[in-house]
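Subject: Structure handover

Dear colleague,

Please find the structure below, with the sequence. My notes on what was found in it follow.

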Amino acid sequence: MRILRHFITCYPFSCAMIVIIWVLCFCTPPSTPLDNISYIDKWEHTLMYLFTCGVIWTEYVRRHKRIDGRKLFLWAWLAPVVMSGVIELLQAYCTGGRRSGEWLDFAANATGCTLAALIGILLVRWRAK
């Protein structure tokens with residue numbers, strides 16, 4: 001419980017983004033005219049995880065003077081990628097057909113996390129100068 005309180009107080013925007021992802025991934029999406037655009041869903045996944053991981057990187061870098069690359073790898077890249085895989089599996093097997101889990105969604109999520117990590121690495125190097 002102490003760890004949860006630590007994360008919520010130290011990284012409030014990151015925690016809010018994670019909650020928003022979980023809610024969005026299990027609610028039924030409305031129909032929009034954008035549904036006719038090929039792979040719009042994949043772009044949404046990429047941007048959602050790019051923004052979320054970017055927020056995690058930014059909060060971590062602002063909060064810590066000494067950057068621990070292993071912690072950043074674990075919490076700002078690996079944890080969101082694993083979370084996205086769990087969400088896709090839950091969508092595939094636990095939503096009664098309302099949502100579908102797709103490997104391409106997982107790939108788009110991982111792409112967003114990776115892009116955020118690349119931008120985060122540049123941010124850390126810029127901050128170090």
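**Tyr39 and the rest of the chain**

At 57% relative accessibility, Tyr39 counts as exposed, where buried means under 20% relative accessible area, exposed over 50% and partly exposed in between (1.4 Å probe, protein chains only). Tyr39 sits in the loop between helix 2 and helix 3. Although not a glycine, Tyr39 has a positive phi of about 60°.

Some notes on the basis of these values. This is a predicted model, in which local features need pLDDT of at least 70 and side-chain atom pairs count only at pLDDT 80 or more, while totals for chains, interfaces and linings use all residues. Residues are numbered from 1 along each chain as its sequence is written, and side-chain values use heavy atoms, with hydrogens and water left out.

**Overall**

The chain has five helices and zero strands, and along the sequence its pattern reads α-α-α-α-α. Helices (H or I, at least four residues) and strands (E, at least two) are DSSP runs, numbered from the N terminus. Taken along the principal axes, the box filled by the C-alpha atoms is roughly 45 × 35 × 20 Å. Of the 129 residues in the chain, 32% are buried.

Among the contacts in the chain with a separation of 6 or more, 76% are between residues 24 or more positions apart; contact means heavy atoms within 4.5 Å. The accessible surface comes to about 9000 Å², and carbon and sulfur atoms hold 70% of it. Accessible areas come from the Shrake-Rupley method with a 1.4 Å probe, and for residues only the protein chains shown count as cover.

There are 14 positive and 8 negative side chains, and the centres of the two sets are 19 Å apart. Lys and Arg count as positive and Asp and Glu as negative, with His and the chain ends not counted; the place of a charge is NZ of Lys, CZ of Arg, CG of Asp or CD of Glu.

**Nonpolar cores**

A nonpolar core here is a set of buried Ala, Val, Leu, Ile, Met, Phe, Trp, Tyr and Cys residues joined through side-chain atoms within 4.5 Å. The largest has eleven residues: Ile21, Cys25, Met48, Tyr49, Cys53, Val81, Met83, Ile87, Ala110, Cys113 and Ala116. Two or more residues of this core come from each of helix 2, helix 3 (40-63), helix 4 (69-94) and helix 5 (103-128). Apart from this core lies another, of ten residues, including Trp57, Tyr60, Val61 and Ala117.

Ile87, one of the eleven, touches Ile21, Trp22, Cys25, Phe26 and Tyr49, not counting residues up to four places away in sequence.

**Cysteines**

The structure holds zero disulfides, a disulfide being a pair of cysteine sulfur atoms within 2.5 Å. Cys15 is in none, and its nearest cysteine sulfur, that of Cys10, is 9.2 Å away. Cys15 counts as partly exposed, at 21% relative accessibility. Cys113 is in no disulfide either, with the sulfur of Cys53, the nearest from a cysteine, at 3.3 Å. Cys113 is buried, its relative accessible area being 0%.

**Individual residues**

The contacts listed below leave aside neighbours within four places in sequence.

- Ser14 is in helix 2 (residues 12-26). Ser14 counts as buried because its relative accessibility is 5%. Its contacts are Val55, Ile56 and Glu59.
- Tyr11 lies in the loop between helix 1 (2-10) and helix 2 and counts as buried at 10% relative accessibility. Tyr11 is in contact with His6, Glu59, Tyr60, Arg63 and His64. Tyr11 and Tyr60 are 49 residues apart in sequence, and their C-alpha atoms are 7.7 Å apart.
- Asp105 is in helix 5 and is buried, at 3% relative accessibility. Asp105 contacts Asp41, Lys42, His45, Glu88 and Ser100. Between the C-alpha atoms of Asp105 and Thr32, 73 residues apart along the chain, the separation is 19 Å.
- Thr111 is in helix 5 and is partly exposed, with a relative accessible area of 39%. From Thr111 to Val81 the C-alpha distance is 9.1 Å, at 30 residues apart in sequence.

Regards
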